Amino acid sequence: MDWGIKNRLSRIIRPDTGRTVMLAVDHGYFQGPTTGLESPRKTITPLIPYADCLMLTRGVLRTSVDASCDVPIVLRVSGGTSILKELSNEGITTSIEEAIRLNAAGMALSIFVGSEYERQTLLNLSRLVNMGERYGIPVLAVTAVGREMTRDARYLALACRIAAELGAHLVKTYYCEGFQEVVGGCPVPVVIAGGKKLPERDALQLAYDAVHAGAVGVDMGRNIFQSDSPVAMIRAVRSIVHEDATVDKAYDLYCKAKDKADKKAST
Ligand code: 5RP
């Protein structure tokens with residue numbers, strides 16, 4: 001692997017733990033002002049100190065993150081559809097030059113295996129990897145799941161393996177029963193999305209199960225920024241990912257940090 005790609009990957013996945021807590025705040029690119037992200041700067045700023053990297057679009061990066069901030073960026077470069085249309089009909093939205101100008105540590109793009117525009121999204125990924133390889137920028141493939149697909153190990157293993165075969169350097173997918181099969185069949189590191197908002201303890205269990213089944217961490221959005229206490233939640237997720245905390249210990253950390261923040265807010 002090229003030195004530049006390795007170097008950028010080591011900014012995304014912490015070399016000391018081999019794991020990462022990525023904060024996903026890219027939801028607006030197809031679903032508009034998502035709950036909890038209506039004002040991106042307000043949501044993102046307090047979470048930055050606890051995120052190993054941010055996953056977001058260039059629009060939110062430019063408007064809502066200070067350029068002096070040194071958190072690594074994984075730039076969402078696919079899109080072109082909205083929740084009102086066929087979601088798999090994505091293209092590449094952002095040039096490689098733009099990713100370089102924005103000092104991205106990586107680029108992210110969705111693939112929709114089994115969906116109407118499967119071929120188009122897989123060719124998008126291949127093109128992006130070709131460009132990334134040229135300039136030393138790793139690519140994160142997101143295995144987006146169409147409404148008609150089942151999020152089981154068989155399907156997710158298929159999607160993750162295809163992403164890796166086409167050259168993705170890192171894959172983001174969903175946790176499922178039998179997740180070891182998904183990780184085991186994917187020769188590049190895997191991170192999980194959090195999915196829809198769950199009760200905090202359940203989301204921590206999800207992160208725990210994923211890393212214990214071989215994921216290198218999380219690229220979590222709604223289960224952090226829609227939490228009753230987003231900073232407490234990201235700190236609890238970090239304790240699982242980087243410190244191998246148990247779910248009980250992480251949940252305890254969440255409750256204490258939330259209490260402290262609530263008290264501070266009421267004084
Ligand atoms: C969709 C995405 C999301 O926009 C986002 O990153 C998902 O994160 P979460 O499920 O944890 O809210 O990648 O394909």
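In this predicted model, the largest pocket has a volume of about 860 Å³. Its lining comprises 36 residues, and those nearest the centre are Phe30, Val145, Arg151, Tyr174 and Arg222. By class, 14 of the lining residues are nonpolar, ten are polar and twelve are charged. Three elements each supply at least two residues of this lining, namely helix H2 (28–31), strand S10 (217–220) and helix H10 (222–225). Among the contributors, H2 gives the most, with three residues.

The second largest pocket has a volume of about 280 Å³. It is lined by 14 residues, of which Pro46, Asp228, Ser229, Pro230 and Val231 are the closest to its centre. Two or more residues of the lining come from each of helix H3 (40–44), H11 and H12. The greatest contribution is that of H12, with three residues. The lining of the second largest pocket consists of six nonpolar, four polar and four charged residues.

Helices H11 and H12 also pack against each other. H11 spans residues 230–243 and H12 spans residues 247–266; their axes lie 8 Å apart and form an angle of about 155 degrees. Angles over 145 degrees count as roughly antiparallel, and the two helices are therefore roughly antiparallel to each other. The crossing of H11 past H12 is right-handed. On the side of H11, the contact is made by Ala232, Met233, Arg235, Ala236, Ser239 and Ile240, and on the side of H12 by Ala250, Leu253, Tyr254, Ala257 and Lys258. Of the residues in this contact, eight are nonpolar, one is polar and two are charged.

Note on methods
Residues are numbered from 1 along each chain as its sequence is written. This is a predicted model: local features need pLDDT of at least 70, side-chain atom pairs count only at pLDDT 80 or more; totals for chains, interfaces and linings use all residues. Side-chain values use heavy atoms; hydrogens and water are left out. Axes are lines fitted to C-alpha atoms, for helices over the stretch in contact, and angles run from 0 to 180 degrees between N-to-C directions. Helices (H or I, at least four residues) and strands (E, at least two) are DSSP runs, numbered from the N terminus. Angles under 35 degrees count as roughly parallel, over 145 as roughly antiparallel, 65 to 115 as roughly perpendicular and the rest as oblique. A crossing is left-handed if the near helix is turned anticlockwise from the far one by less than a right angle, and right-handed if clockwise. Contact means heavy atoms within 4.5 Å. Ala, Val, Leu, Ile, Met, Phe, Trp, Tyr, Cys and Pro count as nonpolar, Asp, Glu, Lys and Arg as charged, and the others, Gly among them, as polar. On a 1 Å grid over the protein atoms alone, a cavity is a set of points where a 1.4 Å probe fits but cannot get out, and a pocket is an open set with protein on both sides within 12 Å along at least five of seven lines; lining residues have an atom within 4 Å of a point. Grid points are joined across faces, edges and corners, and a volume is the space filled by probe spheres set on the points.
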